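Please examine the structure shown below before reading the explanation that follows.

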Amino acid sequence: MENVDIYDRRKESTGIVKDRHDVQQGEYRLSAHIWILDKEKFLIQQRALNTKKFPGLWSQTAGAVDAGESSLQACIRECQEELGLVVNKEEITYVGSYTRVRDIVEIFLVEKTIDINNLILQENEVNSVEMVDFDKFEEMILRGEVVPSINPSYTYFKTYVKEFKGKI
């Protein structure tokens, strides 16, 4: 059971805590999407092959924000849990957010030099990881290899990197 804080559509806390799977229409939980950029390439992870949603498809690092936790804390925790990657606050930039049906997605950019061979993948979440550039990732999207619900998150990430980092 993963408990999450419940928010309204304006991202104001309702003071209610629920299991993340029990969020109802008109209620929202927070999710963190983390894009890890190493120079001109970024890390993507293939979802475990036995997951219920989108098995074997590629996405960014992500997860629900636990009850009592900030989105920034969730960003740091998810990198550690899913990848065995230690991330410091100084390496993280908040990029933006958007609202889906039952969650508010907070998008973060982590700028860090990483060696994917040193990562420790969480077996029940991550099957594989890869470093890709924007062209390769967009080809993967066109081939249907990427979780479709991350497209808004990817657009925020790509726009931020292009406009403010000048790296595309």
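How many residues line the largest pocket, and which of them lie nearest its centre? The model is predicted, with local features needing pLDDT of at least 70 and side-chain atom pairs pLDDT 80 or more, while totals for chains, interfaces and linings use all residues. Residues are numbered from 1 along each chain, and side-chain values use heavy atoms, leaving out hydrogens and water.

The lining of the largest pocket comprises 34 residues, and Arg20, His21, Arg29, Arg47 and Lys53 lie nearest its centre. Among the lining residues, 14 are charged, twelve polar and eight nonpolar. At least two lining residues come from each of strand S3 (29-38), strand S4 (41-47), strand S6 (61-64) and helix H1 (71-83).

Elsewhere, two helices meet. The axes of helix H2 (residues 134-142) and helix H3 (residues 151-165) come within 13 Å and cross at roughly 160°. H2 is therefore roughly antiparallel to H3, a term for angles over 145 degrees. In their contact (heavy atoms within 4.5 Å), H2 contributes Phe134, Phe137, Glu138 and Ile141, and H3 contributes Asn151, Tyr154, Phe157, Lys158 and Val161.

Note on methods. 1 Å grid on protein atoms, 1.4 Å probe; cavity = no way out; pocket = protein on both sides within 12 Å on 5 of 7 lines; lining within 4 Å. Helix = DSSP H or I, 4+ residues; strand = E, 2+ residues; numbered from the N terminus. Nonpolar A, V, L, I, M, F, W, Y, C, P; charged D, E, K, R; others polar. Axes fitted to C-alpha atoms, helices over the stretch in contact; angles between N-to-C directions. Parallel < 35°, antiparallel > 145°, perpendicular 65-115°, else oblique.
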